[in-house]
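These are my notebook entries on one structure, kept in the order in which I looked things up.

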Amino acid sequence: LSLIVYFMMKKIVFPILWVVSVFMLGGCSSDDEPEVTVNPFDIMSDSNNDGRNKIVVISDLHLGADLTYSETVNHLNRLEQFLNEVRSSATIKELVLNGDIFDEWYVPTRTNTYGDGSQAHFIRKTVAANQRIFDLFNAIIKDGKIKLTYIPGNHDMGFTAKNVDIAMPGVNQARDSNEKFGIGTYHPDGYPEIAIEHGHRYDFFSALTPGANESEAPDATLPPGYFFARIAANSFTDPTTPEAATKVPIIPEKDQSNPEQYSKYVYYSLWKYVMEKVIYVKDNFSDNIIKTNVGNFTKTYSINDVLPYSAPDGSIQMKLYNGLFTQTHWSERLKYNNAIVMTDINKAIKGSLETEFIDAQSQVQYFHNKLSEVRVVVFGHTHLPMIKSYTNLDNKPCVYANSGTWEDRKTRDKNAVIDQDVINMNFVTIYPVQGNKDRMQVALYQYKYGKHMLVSNKEVDL
């Protein structure tokens, strides 16, 4: 009797004749009888699990067009399992794809991203390479029970709404405007106090960059991070060691008496660190190896074209992005990216690597912005899942969550044994606490071994 009551209270459809037959045959001890499973989204603690009131956020899937170098391959089976759980849930009302769902950036340097095709062709190739995942996205849309929302990230900032619709016809696209389709902030229906965005608009390396390279690529908005990602892909597909890697030339340190030169030195220092410690390569920096053909870039560039260099007069210069390094320009760039609060350029440059800066923009741009009433912010972008508590200017509690990533752990050692089932695969849930529709639970989970493992959670009154 208690078993029947349990299922009735949870509102799970259960054939009564099967229940009766189980008891008549002596219970559930037989190995031949079906195992009763409950959707894990529908039994979450602190939720009344009654009706569709849960918002699920995932980000940074990095679904590539070619699985030989895509950042997400080993996790695809788990992602498929996860999406099946989402689709079959009776209590989820919305799944939000919070940026970097596609990946136009992580492509080896010598690879022509589009080949002889177009962006639409690249989208179709991405769908074909990850067919099971897109089949589920589209099934969720067609079912009409769960709203599917897409927000652009930096790795898919160049994709037009029309081309995204090729992959997911009818998906709700949250974009700031048609002119600036590479950024978007989303407030779920009925919750203006919740803001979900990828977070790249505050990142010096990843924010839209208008007018930076007009002689090279008129009207291009791709930021320096695009070239970083291309080199990063090369670092793993054609690996070397830090000892054997090509070294970045030394540039004398600049003081702050010349703000532009100092900012360029900060930028140079970051590039030197990542090129020698993070994305080291064995290529000659003067060789033209970075094939572009995206975002109004049409040329093939060398690594030296994106690295700062010491000019004959001792100043630091660059071939690409040379005019970005004044506080005035950075503030104008932030405004173009629809950021409300301006930040310090040097902190922003460093913050592209020290990701605490990006996470802290939840407080800077929302909680401590007197024009904002947002109390819950969800970013992706940094790949570092977390939940943090803040207070706003009225001393009301606020919550920031980062939804992490689903990408595989990358390795240059192809023989390395890595248990990918315990790495990444994070998601965030937001829903009303049982009995109080204005009190929201924000929870961070890891999909570890296919199980929902709670990492951290916070409650906040809206």
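Entry 1. I looked up Val376 and found it buried, at a relative accessible area of 1%; I use buried for under 20% relative accessible area, exposed for over 50% and partly exposed for what lies in between, with a 1.4 Å probe and protein chains only. I note that the model is predicted: local features need pLDDT of at least 70, side-chain atom pairs count only at pLDDT 80 or more, and totals for chains, interfaces and linings use all residues. Residues are numbered from 1 along each chain as its sequence is written, and side-chain values use heavy atoms, with hydrogens and water left out.

Entry 2. I listed the contacts of Val376, taking contact as heavy atoms within 4.5 Å. Beyond its neighbours within four places in sequence, Val376 touches Glu193, Ile194, Ala195, Phe367, Val399, Ile430, Val442, Val460 and Leu462. I also recorded 9.2 Å between the C-alpha atoms of Val376 and Met440, which lie 64 residues apart along the chain.

Entry 3. I placed Val376 in strand E11 (residues 376-379); strands (E, at least two residues) and helices (H or I, at least four) are DSSP runs numbered from the N terminus. E11 is covered on both faces, with Val376 and Val378 buried on one side and Val377 and Phe379 buried on the other. In a regular strand, side chains alternate between the two faces of the sheet.

Entry 4. Which strands does E11 run parallel to? I found strand E6 (residues 194-197) joined to E11 by 3 bridges, and strand E13 (residues 397-402) joined to E11 by 4 bridges. Pairing here requires at least two DSSP bridges between two strands. Val377 stands opposite Ala195, and Val377 also stands opposite Tyr400 in E13.

Entry 5. I then traced an open sheet of 7 strands, in the order E4-E3-E2-E1-E14-E15-E16 and with mixed pairing. Its edge strands are E4 (172-173) and E16, each pairing on one side only. E1 and E2 are parallel over 5 bridges, and Lys54 stands opposite Ile92 in E2. Helix H3 packs on this sheet, touching E1, E2, E14, E15 and E16, and its direction makes about 155 degrees with that of E15; axes are lines fitted to C-alpha atoms, for helices over the stretch in contact, and angles run from 0 to 180 degrees between N-to-C directions.

Entry 6. H3 (residues 76-88) has 13 residues and reaches 18 Å from first C-alpha to last, close to the 18 Å expected at 1.5 Å a residue; the expected span is 1.5 Å times one less than the number of residues. I found Leu76, Leu79, Phe82, Leu83, Glu85 and Val86 buried in H3. Their cover includes helix H5 (131-143).

Entry 7. I counted 17 salt bridges in the structure, each a side-chain nitrogen of Lys or Arg within 4 Å of a carboxyl oxygen of Asp or Glu. Arg87 and Asp143 form one at 2.6 Å, N to O; this pair links helix H3 with helix H5, 56 residues apart. Arg87 is partly exposed at 35% relative accessibility, and Asp143 is partly exposed at 33%.
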